[in-house]
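This briefing looks at a few residues, one topic at a time. Please keep the sequence and the structure in view while reading.

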Amino acid sequence: MIGTGKIVKGAIFGQDKSTWAISADFPVSVNEIDALLAAFKDPSGIRASGLHLAGQKYIALQCDNRSVYAKLGSGGVVCVKTNQAILVGVYNQSAQPGEATKVVEGLADYLISVGY
């Protein structure tokens, strides 16, 4: 994800909360992963109090059982759930939200196509 230049920090977690891959400067806590997992089922919690990742509070924009999009200043985060994983991609003002979404959603589609 980061190699595209559209995502500045990222992570891939298993739905069991294990870390598959993560940017060195992106310390996401287990409690934050729990809240994100819960948001895919019921987004009311992050709609009310925001989505917290690596200590940053993002304002939830769109939430459904596959994707959570949230904003922080002129950047934001795209989170996508696959069969086994959760992808998290943070973008800043140098990328448009649609560009970041295409990167993370595209990788999620690929992982789903190969069984993950």
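Ser67 is found in strand β5, which spans residues 67-72. The model is a predicted one.

**Ser67**
- Ser67 has a relative accessible area of 3%, and because buried means under 20%, Ser67 counts as buried.
- The side chain of Ser67 makes a polar contact with the side chain of Glu105, at 2.5 Å.
- Apart from residues up to four places away in sequence, Ser67 touches Phe40, Gln62, Cys79, Val80 and Glu105.

**The aromatic pair**
- The structure holds one aromatic pair.
- The ring centres of Trp20 and Tyr116 are 6.0 Å apart and the ring planes stand at 80°, so the pair is edge-to-face.
- Trp20 lies in strand β2 (residues 19-22), while Tyr116 lies in the segment after α3 (97-113), so the pair ties together parts that are 96 residues apart in sequence.
- Trp20 is partly exposed, at 39% relative accessibility.
- Tyr116 is partly exposed as well, with a relative accessible area of 40%.

**Tyr91**
- Tyr91 is in strand β7, which covers residues 85-91.
- With 7% relative accessibility, Tyr91 counts as buried.
- Leaving aside neighbours within four places in sequence, the residues in contact with Tyr91 include Lys6, Val8, Ala70, Pro97 and Ala100.
- Gly75, Gly76, Val77 and Val78 are also among the contacts of Tyr91.
- Lys41 is 50 residues from Tyr91 along the chain, and the C-alpha atoms of these two residues are separated by 24 Å.

Definitions and conventions
Residues are numbered from 1 along each chain as its sequence is written. This is a predicted model: local features need pLDDT of at least 70, side-chain atom pairs count only at pLDDT 80 or more; totals for chains, interfaces and linings use all residues. Side-chain values use heavy atoms; hydrogens and water are left out. Helices (H or I, at least four residues) and strands (E, at least two) are DSSP runs, numbered from the N terminus. Buried means under 20% relative accessible area, exposed over 50%, partly exposed in between (1.4 Å probe, protein chains only). Contact means heavy atoms within 4.5 Å. A polar contact is a pair of N or O atoms within 3.5 Å; within protein, one must be able to donate a hydrogen and the other to accept it, and residues adjacent in sequence count only if both atoms are side-chain atoms. Rings of Phe, Tyr and Trp (its six-membered ring) pair if their centres lie within 6.5 Å; planes under 30 degrees apart count as stacked, over 60 as edge-to-face and the rest as tilted.
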